[in-house]
Each structure stands twice: as C-alpha cells, then as structure tokens.
Amino acid sequence: MGYRKEVLEIIRDTQAHLLFLKETGVEEVLEDVIPTQVGIQPHDIALDSRFHGNDGLLTQTPDTDNAFSNKSKDKAKMLDELHRKIGDCKRCKLCTGRTNIVFGTGNPDARLLFVGEGPGEEEDKQGKPFVGKAGELLTKMISAMGFTRDDVYIANVVKCRPPGNRNPEADEISSCSPFLKEQIDIIKPEIICTLGTFASQTLLETKTKISQLRGKIHEKDGYRIIPTFHPAYLLRNPVDKRLSWEDLQ
C-alpha cells in the first residue's frame, strides 16, 4: 500500500504539472497516462476540484448547497464597508492619474488569497485586478491548481495604477497597504500567495529579493505566506514558470 500511495502522489504531481504547462501555453501535452501495472485506476488520480498539495496546506472540502454561507455574506459586507471607507481616495499622489480604484475581487471567504503589486492599464480601465495579459496567465495558473477565480480572492498592495506601470513608491505603499491588511484580516485566508517583489516585501516586511523569498513558506502575523514570481515577470521569462509551479504546489 505504501508503494501504491507513493506512485499515486507522483502521478498526481506529474499530471498537475502537465496541466499547468498546458494552461500556460505549452502545446502537445500528453494527458491521462495512467499506469495500470500497479493496480491504479483512472478514478484514483482524477484531479480534484480543489487544490491538494503534498504538504496538506489546502485540502479538498465537500461542496454544499449553501456555498455562499452567512459567514461569506458577513465578510462580503465588511469588504463592501472597507471599499466605501476608501471612497474617492486621495491619500497619495496616485489618485491624480487613475481612472478607477482597483479594490479586489473574488470569494470573500477564500482560503487562498493572491496579492499583486498594483493595477496596470487594463485593470485601471475595468476597476478589477489582473485582467490584462498578466491576469490571463494568473487565471491559467489558478485553473491549473484546480480552482477558478471565483474560488480565490485577488487584490493588490496599491489600489491605483502607478503612472506608466512604474513600481509603486514607498509613500504610496505606506498609504495604501493598511487597506490590504484590513482585507486580509476580513478574509482570513489559509494561504497568501504574494506575486512579485513588492507584494512579497510588503507583507513580509523585508527588503529581501523575490528570488530568495520564493520556494519557502513564511509565517507572518498568523498567516502562511508563499511568495512567487509575478505573472508579468513570467511572461518575460517563461523559463521560470517551472519555479513558479513549484511554489504553487
């Protein structure tokens, strides 16, 4: 049984990785290669509708008829109140060039929260996070994990677009990051996946480079934080998609 379990874990990891590669643009991926020599049936390794990692960070939970529970409604209400509290924000200079405040979207009771650095041009137009090309890749990454965007929550460190998509500056992060922390404390996710340097450094309160932060699980303020590369970086450096997948695992 131990050998069979080990083989099952290898197959699950391999199948999940192949799906990730396929979702992120790699063609000609073989699927459903199932070794029956060890008595493993297809139903044994079917991808769950929820993420399952070897470390047990997130485990499958049964669906219920009342998916949008009272708890979720309470959190949604608190997030709406926080959004109203931000209002027509003029707390930093980013307000002068924005079209929309990009607050965040997703499941208010999400167990997995993604945090980026700030909105880009398309996000500024739509008022939603990660809807441009980097957002398309993030959606594929989420799908490869067995989730949809409705299952997770997505937010940014700063809620307004920096001019020309430049990096957010220290005073802008200082003005806006308290709202992110309030979002986190309302949602109370099991895992926070920080995307890129600024999100990771802000939540971990460090100046350490993302290349040194990724690949580890960090504990901060009672939350487990897993840094990985920003999808925009992965679009420019597709060779590092493999490393990012390791982080998501």
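Ser244 counts as buried because its relative accessibility is 0%, under the 20% cut-off. The residue lies in helix α9. In this predicted model, Ser244 contacts Met141, Thr228, Phe229 and Leu234, leaving aside neighbours within four places in sequence.

- Six strands make up an open sheet with mixed pairing. Their order is β1-β3-β2-β4-β6-β5.
- β1 (105-106) and β5 (218-220) stand at the edges. Each has a single partner strand, so one side of each lacks a neighbour in the sheet.
- β4 (residues 191-195) and β6 (residues 223-228) run parallel and are joined by five bridges. Across this pair, Leu195 stands opposite Thr228 of β6.
- Helix α9 (residues 241-248) packs on the sheet and touches β2 (112-116), β4 and β6. The direction of α9 makes about 170 degrees with that of β6.

**Strand β2**

- β2 is mostly covered, with five of its five residues buried.
- Leu112, Phe114 and Gly116 point one way from the strand, and Leu113 and Val115 point the other way. In a regular strand, side chains alternate between the two faces of the sheet.
- β2 runs parallel to β4, and four bridges join the two. Here Leu112 stands opposite Ile191 in β4.
- β2 also runs parallel to β3 (residues 153-156), again through four bridges. Gly116 has Asn156 as its bridge partner in β3.

**Helix α6 and what covers it**

- α6 is mostly covered: six of its eight residues are buried.
- The buried residues are Ala199, Ser200, Gln201, Thr202, Leu203 and Leu204.
- Their cover includes the strands β2, β4, β5 and β6. It also includes the helices α5 and α7 (210-213).
- Just after α6, Glu205 takes a positive phi of about 50 degrees.

**The largest pocket**

- The largest pocket has a volume of about 690 Å³.
- Its lining has 27 residues. Closest to the pocket centre are Glu117, Ala134, His230, Ala232 and Arg236.
- Helix α8 supplies the largest share of the pocket lining, four residues.
- By class, the pocket lining has 11 nonpolar, nine polar and seven charged residues.

**The largest cavity**

- Over the whole structure, a search finds one cavity of 30 Å³ or more. The volume of the largest cavity is about 90 Å³.
- Among the residues lining the largest cavity are the cysteines Cys89, Cys92, Cys160 and Cys176. The lining also includes Ile86, Leu94, Val158 and Phe179.
- Arg91, Lys159, Glu172 and Ser175 line the largest cavity too.
- Helix α5 (residues 170-187) gives the largest share of the cavity lining, four residues.
- The cavity lining divides into eight nonpolar, one polar and three charged residues.

Conventions
Residues are numbered from 1 along each chain as its sequence is written. This is a predicted model: local features need pLDDT of at least 70, side-chain atom pairs count only at pLDDT 80 or more; totals for chains, interfaces and linings use all residues. Side-chain values use heavy atoms; hydrogens and water are left out. Two strands pair if DSSP finds at least two bridges between them. Contact means heavy atoms within 4.5 Å. Axes are lines fitted to C-alpha atoms, for helices over the stretch in contact, and angles run from 0 to 180 degrees between N-to-C directions. On a 1 Å grid over the protein atoms alone, a cavity is a set of points where a 1.4 Å probe fits but cannot get out, and a pocket is an open set with protein on both sides within 12 Å along at least five of seven lines; lining residues have an atom within 4 Å of a point. Grid points are joined across faces, edges and corners, and a volume is the space filled by probe spheres set on the points. Ala, Val, Leu, Ile, Met, Phe, Trp, Tyr, Cys and Pro count as nonpolar, Asp, Glu, Lys and Arg as charged, and the others, Gly among them, as polar. Buried means under 20% relative accessible area, exposed over 50%, partly exposed in between (1.4 Å probe, protein chains only).
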